Every structure is written in structure tokens, then in C-alpha cells.
Amino acid sequence: MEFLLSMWGFFQANILTKPAFFVGFIVFLGYILLRKPLYEAFAGFIKATVGYLILNIAAGGLVVTFRPILAALKDRFNLEAAVIDPYFGQAAAQAAIENVGRSFSMMMQVLLVAFAFNLVLVIFRKITKVRTVFITGHIMVQQSATALWMVIFCFPALQDTGIVWMLGLLLGTYWAVSSNLTVEATQDLTDGGGFAIGHQQMFGVWLTSKIAPKIGNMGGKKSKTLDEIQLPGFLSIFSDNVVATGTLMLLFFGIIMSILGPDLMATIDTKYTVGNSFFFYVLEKSLTFSVYLAILQLGVRMFVSELTESFQGISSRLLPGSMPAVDCAATYGFGNPNAVTVGFLFGALGQFIAILGLVVFKSPVLIITGFVPVFFDNATFAVFANKRGGLRAAVIITFCAGIIQVLGGAFAASFFQTAQFGGWHGNFDWATVWPVIGVLMKNLQYVGVGIAIIALLAIPQLQYFKNKAHYFQIAEDYDAYKEAVGKE
Amino acid sequence: MLRVIAACGNGMGSSQIIKMKIEKVFKKLNIAVKIEHTSVGIAKNQAPSYDVVFCSDSFVSTFDAAAARGTIIIGLKNLLSEQEIEEKIVKQIVNK
């Protein structure tokens with residue numbers, strides 16, 4: 001018994017609480033369970049662990065690069081700042097968690113519990129009415145990180161085990177319910193493509209699918225569609241993520257550091273001394289963010305590809321009738337190629353105007369546009385909006401979404417105090433649904449968590465109630481569904 | 001051995017899905033492949049040294065330069081449809 005206990009103690013101290021080895025261990029175990037040869041399991045362990053260690057270096061790099069700018073903003077204007085982007089959000093959440101002395105390893109444990117609970121909700125789909133399994137690995141990592149910090153922030157005294165189980169249930173419910181909410185709109189868009197969305201803006205996609213037809217017919221005049229317009233060619237450079245992030249960072253940090261000025265930066269940042277070219281200092285500093293983002297993504301890609309493949313394997317083996325909920329970009333092929341660009345453009349416009357608003361109205365938190373929400377959320381909204389309400393709906397909805405991302409992000413970065421570490425998640429659901437859940441948790445504690453879970457679980461019940469006859473058919477056999485609806 | 005790259009906006013989610021699906025189809029068709037997945041931005045520079053690029057329809061024009069140098073560019077409408085992938089592989093690779 002003593003021996004077993006000390007074994008467990010060793011496991012807990014060196015693997016369970018060390019995220020890099022825990023990730024590697026999970027992948028290793030997964031390969032063994034899938035009856036792969038030992039050498040492949042070993043290779044998986046190495047790749048996942050190295051991937052995680054890369055991620056760690058990059059997350060630290062982002063926070064450290066940001067620190068002098070944050071300090072200068074605080075010093076001169078008493079301002080905090082956050083980039084709204086899930087990678088920045090993840091790095092900030094990790095920094096916040098480690099700052100209060102908790103283990104970031106819980107992130108992986110939460111992820112596993114949440115994924116398992118999503119499966120349970122689908123297994124009992126006759127009762128729960130949940131049809132979708134969320135398998136987008138990198139999103140699951142980011143959301144587990146941010147939500148973990150929210151729970152630690154709201155329940156500072158709660159022990160690790162309690163946090164993992166409580167958040168696992170809450171996050172698993174969100175994954176199941178939110179992706180289930182996109183089934184109808186996505187099947188309609190893709191003409192029975194057989195997938196739902198498992199990303200960061202599912203509530204936004206649902207709202208878009210409801211609002212777009214109304215905007216499309218506003219004033220009795222039908223809107224133009226995207227097929228009728230021609231966009232200037234230079235915009236295509238922004239489909240390259242390295243160019244887009246680099247440009248955004250240069251724009252924002254260029255302005256911010258120019259306002260702060262060379263003298264202040266020289267006193268705060270040891271990397272700059274007066275007399276050297278300030279222009280090239282700003283250029284290098286701004287692009288350094290893109291460097292760490294690219295490294296972070298490399299790390300995430302390395303350990304997440306192993307996870308995603310096993311999630312997909314597990315769900316298709318265990319639940320053959322279930323629908324996978326995948327990255328929102330899977331819908332882009334079904335939209336007009338212009339939709340992606342229009343969404344990005346008007347989302348960015350909405351964000352910039354909202355940020356100007358923050359400055360004018362002296363918000364204590366400054367928001368900086370990150371690439372992922374402004375591009376992926378708004379491109380997705382534009383694809384859905386154009387299908388149901390034409391160009392007018394795509395423009396209006398993405399513009400409003402941009403404003404919401406900034407205002408919701410500013411509130412959340414300030415309320416959950418991640419602005420100290422320079423980031424917040426920032427995608428649509430994390431600027432709307434999750435701040436509400438967080439405020440509920442902070443004020444009502446366990447009652448708040450209970451309310452959130454029950455309210456989420458009620459959503460698929462309402463969907464089912466409105467469409468009893470074809471609710472499962474639309475996900476399982478779209479052709480039969482279309483035929484049945486056509487007859488009615 | 002066919003060298004294949006799967007690309008999407010950020011090189012995280014969709015390209016991983018494409019990779020898993022085409023892996024399955026290539027196996028079914030008995031074609032040996034080595035598949036990487038990455039972002040469109042990075043893939044654009046690497047494409048000329050690969051045999052085939054898979055991406056969403058909306059990104060096909062990004063790879064015009066590589067296509068001119070002989071890389072096969074396959075645009076997909078439904079990234080998850082094995083039927084579509086198989087038809088396009090047969091049409092653009094097998095029967096080329």
C-alpha cells in the first residue's frame with residue numbers, strides 16, 4: 001500500500017502536475033489503447049511533449065514582449081491593454097494561473113473531462129437532444145485554458161479536483177450545446193455536408209442565421225449578393241495569416257509605442273536605448289509578437305494533431321451516428337470566396353471604431369485587434385449571412401460583431417483581470433456568453449455554475465420542441481429530411 | 001511517394017481535418033503519401049516543392065504561382081466529404 005501511495009505521489013508530482021509530460025503521457029496511453037506499436041507510442045510521446053514545451057516558450061515570449069508596453073501604458077495613462085485573440089488569451093490565462101501558484105496542468109484534465117462529458121451527452125441523446133461531438137483540438141486547449149482561469153478567479157479556495165470536475169462538466173456542456181445549436185444552419189449552408197461548427201462563435205452563427213434573412217429583406221428590397229461585387233486585389237494578402245497578424249500588430253503597437261514615445265520606452269524597456277533608431281525598434285518589437293504567435297501555433301499544432309486524431313477516432317467508433325463539430329473554416333468552401341474578405345474587412349472596421357470609442361470614453365482597458373477573432377469569426381458570419389440575407393446582411397452583421405468582440409473583450413479582460421497579462425480570448429462567444437457565465441459564477445458561486453449548466457442544457461430541449469418531427473433526421477439523413485420537408 | 005500539403009487559414013483546424021480525410025482516401029486508393037498540414041501563408045512558399053496541395057476552394061487562387069510550376073492544386077468544397085476528395089484525386093492525380 002505504502003509503495004502504491006508513493007508511486008501515486010511520484011506520478012502526481014512529476015507527470016500529472018507537469019502539463020508537458022501529462023500531454024505526452026495521454027498521447028502515449030492513447031496509442032497503446034489503440035493497439036499501435038510501442039515505438040509509435042514513443043514517437044507520439046516525444047512529439048506531444050516537445051510541442052507543449054515549444055508552446056510554453058512562445059506563451060512566455062508573448063507575455064514578456066508585452067510587459068514593457070503594458071508597464072509604459074500604466075505609467076503614462078494608467079491604462080491596461082489586452083490583445084483579443086485566443087492565443088494571447090491562452091498565454092495570458094496561463095500566466096494568470098501560474099501567477100497565483102496553481103498548476104496549468106489542470107487545463108488538460110479539464111479538457112479530458114469536458115470531452116468525455118460531451119460524449120456522455122450524445123450517448124444519451126434521446127434525453128439530452130445533443131447531436132454533436134466537439135473535436136476541434138486546438139480550440140479545446142484554448143478554451144480550457146481561459147475557462148480554467150475564470151474558475152480559479154471565481155473560486156480561489158477550491159481544490160484542484162473540484163475545479164477539474166466542475167469546469168469539466170460546464171465546459172463539456174458548452175461544447176455539446178453550442179455546437180448542436182449550429183446543426184440546422186450548417187446543414188442548410190452546406191446542403192447536408194454532415195458537420196456542425198465546433199469553434200468559438202457558435203452562438204453568433206445561430207444569431208446570424210436568425211437575423212440575416214430579416215436584414216436581407218429590410219425595407220422590402222432584396223439585398224445584392226456577394227457574387228455581384230468585385231473586391232480590390234490587394235486585399236488578398238490578408239488571407240496569409242503571417243502577413244495579417246504582422247500588419248495588425250505593426251498598426252496597433254506602432255501607434256501605441258509612438259504615442260508612448262522613445263524616452264519613456266527607453267526607461268522601461270532595456271532592449272531600447274535613446275539614440276538608436278526608434279522606428280526600427282518599433283518595427284522589430286511589433287513583429288516579435290507575430291514571431292511568438294507563429295511559434296505558439298507550431299507547438300499547439302504538434303501536440304494537438306495527436307489529440308484531434310484520437311478524439312475523432314473515439315467519437316466515430318463509440319458514436320457512429322453522431323455529428324462531428326469542426327473548425328468554422330470548414331464552411332468557407334460553401335460561401336462566395338469574397339465572403340471571407342468582406343467579413344474580415346467589416347469586422348475590422350467595427351472593431352477599430354469600437355476601439356476608438358474605448359479611447360474617447362476613457363475606458364480603463366485598451367483593446368488591440370487580434371487576428372483570429374476578427375478574421376475567423378467574421379468570415380464565418382459573412383458566409384452564413386450572405387447565404388441567408390445577401391451582402392447587406394454580411395456587412396451589417398460582421399460590423400456589429402466587430403463592435404461586440406471589442407466591448408465584450410474589454411469588459412472580460414478587465415473583470416477577469418487578464419489585462420495584467422495582456423490578453424483575452426475575444427471571439428464572439430467569449431465576448432458574450434462566457435463573460436455572462438463568469439459574472440454568474442463570481443456573484444452566485446456554485447448556484448451560478450448550476451444556473452449556467454441548466455440554462456445551457458435547456459437550449460437543445462427548446463430546439464427539439466420546435467422541430468420534433470425532423471430534429472434528428474436533419475443531422476443524420478439530410479436528403480431524406482429535404483424530401484420530407486418538400487412533401488409537407 | 002507523393003508529397004502532399006494540406007493548408008487552411010491558420011494551419012490548425014481545417015487543414016488537420018483535410019489531412020485526416022485525404023489520408024484515408026489515399027489509403028483506400030493504395031497511393032503512398034506523406035502529408036503535412038500548415039497555414040496557407042506558409043504553404044504558399046512551400047508549395048512548389050510539394051506534388052499536391054489540398055485547400056478550401058476559397059484559397060485555390062493563392063497557389064497560382066505553384067500551379068504554374070507544376071504543383072497540383074486541389075480545392076475542396078466540403079473538407080469532410082470523402083466522396084468529393086476521392087473524385088478529385090482520381091480526376092486530378094490518377095487520370096492526369
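Predicted model: local features only at pLDDT ≥ 70, side-chain atom pairs only at ≥ 80, totals over all residues.
Chain A holds 19 helices and six strands, and 54% of its 488 residues are buried. Its side facing chain B brings 30 residues into contact with 24 residues of chain B.

**Chain A as a whole**

- The radius of gyration of chain A comes out at 23 Å, close to the 23 Å that the globule rule gives for 488 residues, so chain A is as compact as a globular protein of that length.
- Take the contacts in chain A between residues at least 6 apart in sequence: 81% of them join residues at least 24 apart.

**The three-stranded sheet**

- Look for an open sheet of three strands in chain A, with the order β5-β1-β6 and parallel pairing.
- β5 (365-369) and β6 (423-424) of chain A are the edge strands; each has a single partner strand, so one side of each is left without a neighbour in the sheet.
- On one side, β1(A), residues 80-84, pairs with β5(A) in the parallel sense over five bridges.
- Within that pairing, Ala81(A) sits opposite Leu366(A), and Ala82(A) has Ile367(A) as its bridge partner.
- On the other pairing, β1(A) and β6(A) run parallel and are joined by two bridges, with Ile84(A) standing opposite Trp424(A).
- β1(A) is mostly covered, with five of its five residues buried.
- The side chains of β1(A) split by direction: Glu80(A), Ala82(A) and Ile84(A) point one way, while Ala81(A) and Val83(A) point the other way, and all are buried.

- Helix α5 of chain A covers residues 106-123, which makes 18 residues, and reaches 25 Å from its first C-alpha to its last, close to the 26 Å expected at 1.5 Å a residue.
- α5(A) is mostly covered too, as 13 of its 18 residues are buried.
- The largest nonpolar core has 186 residues, and those with the most contacts inside it are Val110(A), Leu148(A), Ala394(A), Val53(B) and Phe54(B).
- α14(A) gives the largest share of this core, at 23 residues.
- Over in chain B, Phe54(B) touches Val4(B), Ala6(B), Ile18(B), Ile22(B), Ile74(B) and Leu76(B), leaving aside residues up to four places away in sequence.

**Where chain A meets chain B**

- Again, the tally is 30 residues of chain A in contact with 24 residues of chain B.
- On the chain A side, the elements that give two or more residues are α7 (137-154), α11 (241-268), α12 (278-318), α13 (337-360) and α14 (371-415).
- α12(A) supplies the largest share of that side, with seven residues.
- By type, the residues on the chain A side divide into 14 nonpolar, 12 polar and four charged.

- Most residues other than glycine have a negative phi.
- Against that background, Lys362(A) has a phi near 55 degrees, a positive value in a residue other than glycine.
- You will find Lys362(A) in the loop between α13 and β5 of chain A, where it counts as exposed because it has 9 C-beta neighbours inside 10 Å, and the cut-off for exposed is 12 or fewer.
- Gln445(A) also has a positive phi, near 55 degrees, and its place is the loop between α16 (433-444) and α17 of chain A.
- Gln445(A) counts as partly exposed, because it has 13 C-beta neighbours inside 10 Å.

**Ile451(A) in helix α17**

- Ile451(A) lies in helix α17 of chain A, residues 446-466.
- With 14 C-beta neighbours inside 10 Å, Ile451(A) is classed as partly exposed.
- Not counting residues up to four places away in sequence, Ile451(A) touches Leu440(A) and Leu444(A).
- Met441(A) is 10 residues from Ile451(A) along the chain, and their C-alpha atoms are separated by 9.1 Å.

Technical notes: Residues numbered from 1 in each chain as written. Chains lettered and ligands numbered in written order. Pairing = 2+ DSSP bridges. Helix = DSSP H or I, 4+ residues; strand = E, 2+ residues; numbered from the N terminus. Expected span 1.5 Å × (residues − 1). Buried ≥ 20, exposed ≤ 12 C-beta atoms within 10 Å, placed from the backbone. Contact = placed C-beta atoms within 7 Å. Nonpolar A, V, L, I, M, F, W, Y, C, P; charged D, E, K, R; others polar. Core = buried A, V, L, I, M, F, W, Y, C linked by C-beta atoms within 7 Å. Rg over C-alpha atoms; globule rule 2.2 N^0.38 Å.
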